[in-house]
Amino acid sequence: MPQRKAPQKLYQSRLDEGILKPDPAQQRAVKSLERLYWELVEISEHSAACRGWRAIKEKIPFLNTAPGPARGLYMYGGVGRGKSMLMDLFYDCLPNSIPKRRVHFHAFMLELHDYHHARRNSADVCEGMDGILPLFAERIVERARVLCFDEFHVTDVADAMILGRLFRHLFERGVVVVATSNWEPDRLYEGGLQRDRFLPFIALLKEKMEVLYLDSSTDYRTKFLAQEGTYFWPLGHETMRHANTVFNGLTDNALPDTDMLEVKGRTIRVDAVARGVARFSFAQLCEQPHGAEDYLEITNNYHTVFVEGVPTLGYDRRNEAKRLMILIDTLYEAGTKLVMTADALPDELYRGHDYAFEFKRTVSRLQEMQSAEYLRRG
């Protein structure tokens, strides 16, 4: 039997090649992923043996001794500690015999709501959410037995109220969950409406998943941003190349997905998002009738935001200038990391008169948001 490419072996090979640097916190996480990997392999091999010997399994004792359910893993810690990288390493190690899926948690919940909407609008279907959840869980199980969630976070009251029921259906069907989050379980949905109804879900997570704090002292994303820079000008091919390099570096060259944010009936489309990093154009965010609530929703979902193609703004573009000021204020107050491509340096972006005084604060914040001190903010 060929030797398996288990997480510890793959992690060590990347250390040996210099791709990764030694990190005690990451190494502790790899041990937990190694444990889960072998539990899943044992379950998979037992299931395969049972299928192959079903006709005579009564005569073979070991086939009647099923391994216990695998316990998932919930990794949490600050941004840039390597949580997503480690989850991807584990995901890549899993053999093809184990159906698996990796998905951003926000996208997964949108998928659930879309499924609910489609079922509700069917003429011959009248289930409510309680009727939909087991059907959705069955649909997930048909495609994957291991679910890897990136950026696990709960801010929406509707999501909070159904998560416990949804995950209980998944766990009852043998789905194993691996998740990364910036929040420890006990702080999920902190301060949210009707949070007492959310607490059983937290208890369920802690029962079905090992909780591991990735307390690395190194913020690899911040270090990378400080080295590469976050503000690129003037607009052109070279500036775009720099922006692409930074995006790929922050996301470990992950294939980006699209996303949709909903704010009181308004939709914000995200054309490229990966590992909590989202790319927007200036036209998307500042030429459309967006406001502080829209920008706040962005900060709630992504830790790093690209705003690309910012032009110089004169009197004829005072509405766009106003939205840009609100956007930068919102990102700054949230501590969101900003990568910007622009036609000029911050103090030369606005050439009108209406907001000449107010824009000075925007200039100051754009300059501060490039500093190492700001990039270290949580």
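Leaving aside its neighbours within four places in sequence, with which residues is Glu 320 in contact? In this predicted model, local features need pLDDT of at least 70 and side-chain atom pairs count only at pLDDT 80 or more, whereas totals for chains, interfaces and linings use all residues. Residues are numbered from 1 along each chain as its sequence is written, and side-chain values use heavy atoms, with hydrogens and water left out.

Glu 320 is in contact with Phe 282, Cys 286, Glu 287 and Leu 313, contact being heavy atoms within 4.5 Å. The residue lies in helix H12 (residues 318–334); helices (H or I, at least four residues) and strands (E, at least two) are DSSP runs, numbered from the N terminus. Glu 320 counts as buried because its relative accessibility is 16%, where buried means under 20% relative accessible area, exposed over 50%, and partly exposed in between (1.4 Å probe, protein chains only).

Strand S10 (residues 304–310) runs parallel to S11, joined to it by 5 bridges; two strands pair if DSSP finds at least two bridges between them. Thr 304 stands opposite Lys 337 in S11. The chain passes from S10 through H12 to S11 in a right-handed β-α-β crossover, that is, with the strands pointing away from the viewer, the path from the first strand over the helix to the second runs clockwise. Strand S6 (residues 231–232) is also parallel to S11, with 2 bridges, and Phe 232 has Thr 341 as its bridge partner.

In strand S11 (residues 337–342), 6 of the 6 residues are buried, so the strand is largely enclosed by the rest of the structure. Lys 337, Val 339 and Thr 341 point one way, and Leu 338, Met 340 and Ala 342 the other. In a regular strand, side chains alternate between the two faces of the sheet.
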